[in-house]
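Please look through the structure below before reading on. My points follow in numbered form.

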Amino acid sequence: QEPFVADEYIERLAWRTPGGGSRGGEAFDPKRLLEEFVNHIQELQVMDERIQRKVEKLEQQCQKEAKEFAKKVQELQKSNQVAFQHFQELDEHISYVATKVCHLGDQLEGVNTPRQRAVEAQKLMKYFNEFLDGELKSDVFTNSEKIKEAADIIQKLHLIAQELPFDRFSDVKSKIASKYHDLECQLIQEFTSAQRRGEISRMREVAAVLLHFKGYSHCVDVYIKQCQEGAFLRNDVFEDAAILCQRVNKQVGEIFSNPETVLAKLIQNIFEVKLQSYVKDQLEEHRKSDAEQYLKNLYDLYTRTTNLSSKLMEFNLGTDKQTFLSKLIKAIFISYLENYIEVEIGYLKSRSAMILQRYYDSKNHQKRSIGTGGIQDLKERLRQRTNLPLGPSIDTHGETFLSQEVVVNLLQETKQAFERCHRLSDPSDLPKNAFRIFSMLVEFLCTEHIDYALETGLAGIPSSDSKNANLYFLDVVHQANTIFHLFDKQFNDHLMPLISSSPKLSECLQKKKDIIEQMEVKLDMGIDRTLNCMIGQMKHILAAEQKKTDFKPEDENNVLIQYTNACVKVCGYVRKQVEKIRNSMDGKNVDTVLMELGVRFHRLIYEHLQQYSYSCMGGMLAICDVAEYRKCAKDFKIALVLQLFDTLHALCNLLVVAPDNLKQVCSGEQLANLDKNILHSFVQLRVDYRSARLARHFS
């Protein structure tokens with residue numbers, strides 16, 4: 001038996017032999033085991049011989065059966081060849097018979113078709129005679145259950161009657177036409193009843209019969225009318241229309257042979273009747289009285305109509321459903337879209353003007369007229385070149401006349417206008433219309449609000465010699481900067497997508513560039529005059545607080561202060577202005593303005609120090625003042641300004657250095673590159689300058 005393992009077989013044999021193993025205390029007997037092995041080998045040999053004989057016998061039997069099978073196969077092949085020959089003969093015979101049958105069938109059909117036509121013509125003549133006699137006796141006309149057959153007959157008779165001369169057959173033609181009309185009405189009535197009962201199969205049968213009648217279109221109209229009964233009960237006519245079309249789309253294919261035409265006609269009816277009347281009611285109510293509500297309704301209705309159109313695109317409406325639906329939408333809204341942009345611009349203009357006026361009224365401010373024309377242009381050019389205030393200064397009482405709330409309202413109105421423009425404008429007019437809306441934004445936001453605030457802010461800047469002047473123009477700068485960021489964001493987010501691929505893009509960019517440059521000129525002018533006022537305030541502080549005895553004290557040995565009172569007040573003032581500039585501007589503008597202020601601040605201190613004579617102790621005090629000014633200059637975080645004050649501090653050392661060391665100090669790193677006249681001017685400020693010894697050392 002398989003699997004056979006010789007080692008295991010021998011092992012089992014040894015264990016079964018008495019004395020062949022040591023288990024159970026039995027002694028091992030090799031002779032007995034050998035004898036058992038010999039006997040077993042003999043048994044195996046006998047078994048092998050017996051099996052071998054059996055194998056030989058089976059092989060002989062197999063060979064015999066194989067020969068018999070081969071012989072039988074040969075006989076079957078011969079029989080198969082004979083059968084195949086018979087089959088071919090039969091096939092040829094069948095083909096011959098079939099040819100004869102087909103020929104006979106053609107002959108019979110050639111005889112039968114005219115016969116059938118003759119029979120049908122005879123029946124039609126019989127029915128025609130009934131109409132001619134004026135009495136319909138046939139069961140097909142009197143039995144209401146055979147309306148389908150009657151419809152087929154009357155339809156054929158109606159066609160025949162069309163060919164007959166009117167003068168001889170006018171009476172019978174009118175009777176056939178009357179019956180044709182009656183049957184048509186009965187079929188339509190039957191279709192209507194079946195539709196109300198919801199019997200789709202009956203509707204399909206009647207529609208198939210009516211297909212050849214002139215009144216088939218009336219059947220479709222009846223179906224469309226009844227479909228809409230009870231379909232528009234909610235407030236949302238668009239959702240109702242979508243649900244109705246979805247329901248009809250599933251049903252119409254089971255009833256009509258041309259479902260796409262029927263569905264298209266239903267949709268056309270919904271658009272031309274339901275939607276058009278709904279849109280008219282919603283828009284005409286506000287068209288002349290409330291432009292804002294009119295525009296909102298127009299945008300909402302047009303959007304919902306186009307969304308409905310997108311849903312209907314899923315249905316089979318024929319070949320060019322996109323054009324079909326676009327024409328339906330255009331037919332509804334064309335009278336409103338033709339002058340849309342004029343209404344939009346008119347509303348935007350009045351709304352923007354109202355927002356601005358309401359703001360100025362809240363401030364009790366009567367808006368000044370910013371003049372235009374030759375005189376104003378001349379003033380503007382003179383002001384740009386001289387940076388001098390032309391005209392009286394106006395006290396704005398700290399009011400910037402800029403409002404983020406106003407700006408947000410204007411931008412929100414314009415954003416909504418851009419959205420409406422995108423939706424309601426014809427693609428060819430979109431860039432032009434968007435540009436007109438942008439022009440409105442520029443006019444009211446940039447010109448009427450920001451530019452007016454800049455003009456008012458410029459007029460409110462006091463002259464540079466004014467005392468205790470309040471400087472509010474930096475607040476105007478700060479707010480104008482914030483507003484212009486919002487303006488730029490709307491330009492990029494809402495206008496650019498509408499004009500990006502049109503020639504209007506360059507026109508809009510140029511208009512934006514021009515308005516920015518115009519405002520930057522006024523901002524630069526106002527900042528420059530504000531810096532002049534700051535320097536003027538510092539001059540007033542120095543003139544009021546700095547005493548000549550500060551730098552030439554009567555008692556050189558009894559100076560108790562570290563720096564003068566004038567220095568303290570100037571530094572305090574400067575630090576406030578630096579902080580205000582940082583809060584009012586951003587980016588590189590901060591560094592640019594601070595550098596300009598720092599340079600002017602340095603020039604002021606430089607010129608101020610040259611107005612006094614300095615004793616040794618006074619020179620030390622001047623150095624302490626300049627050190628404090630330099631510490632203040634560090635707040636600017638501008639390398640050039642700090643370098644200027646470092647040099648000024650080094651120059652002040654000339655006021656106290658010993659005469660013998662003057663040349664060494666002047667050739668030092670910070671003073672070596674300065675003009676000798678500048679060094680000389682500082683040395684001349686020493687009270688001991690006229691001594692022969694000092695003049696000799698500096699010569």
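1. Confidence overall. This is a predicted model. The protein chain has a mean pLDDT of 83. Of its residues, 82% reach 70 or more.

2. Over residues 372-385, pLDDT stays under 50. The model still gives this stretch 15 contacts beyond four places in sequence. Residues 387-392 also have pLDDT below 50. Eleven contacts beyond near neighbours in sequence are modelled there. Where pLDDT is low, the predicted coordinates should not be read in detail.

3. Helix pair, geometry. Helix H17 covers residues 504-545, and helix H19 covers residues 588-609. They pack at an angle of about 30°, and their axes lie 10 Å apart. H17 is therefore roughly parallel to H19, because angles under 35 degrees count as such. Their crossing is right-handed.

4. Helix pair, contact residues. H17 contributes Ile527, Asp528, Leu531, Asn532, Met534, Ile535, Met538, Lys539 and Leu542. From H19 come Val593, Glu596, Leu597, Arg600, Phe601, Leu604, Ile605 and His608. By class, the contact of H17 with H19 has eleven nonpolar residues, two polar and four charged.

5. His40. Is this residue buried or exposed? His40 is buried: its relative accessible area is 13%, and buried means under 20%. His40 sits in helix H2, which spans residues 30-133. Leaving out residues up to four places away in sequence, His40 touches Tyr9 and Leu13.

Note on methods:
Residues are numbered from 1 along each chain as its sequence is written. This is a predicted model: local features need pLDDT of at least 70, side-chain atom pairs count only at pLDDT 80 or more; totals for chains, interfaces and linings use all residues. Side-chain values use heavy atoms; hydrogens and water are left out. Axes are lines fitted to C-alpha atoms, for helices over the stretch in contact, and angles run from 0 to 180 degrees between N-to-C directions. Helices (H or I, at least four residues) and strands (E, at least two) are DSSP runs, numbered from the N terminus. Angles under 35 degrees count as roughly parallel, over 145 as roughly antiparallel, 65 to 115 as roughly perpendicular and the rest as oblique. A crossing is left-handed if the near helix is turned anticlockwise from the far one by less than a right angle, and right-handed if clockwise. Contact means heavy atoms within 4.5 Å. Ala, Val, Leu, Ile, Met, Phe, Trp, Tyr, Cys and Pro count as nonpolar, Asp, Glu, Lys and Arg as charged, and the others, Gly among them, as polar. Buried means under 20% relative accessible area, exposed over 50%, partly exposed in between (1.4 Å probe, protein chains only). pLDDT is the predictor's confidence in each residue, from 0 to 100.
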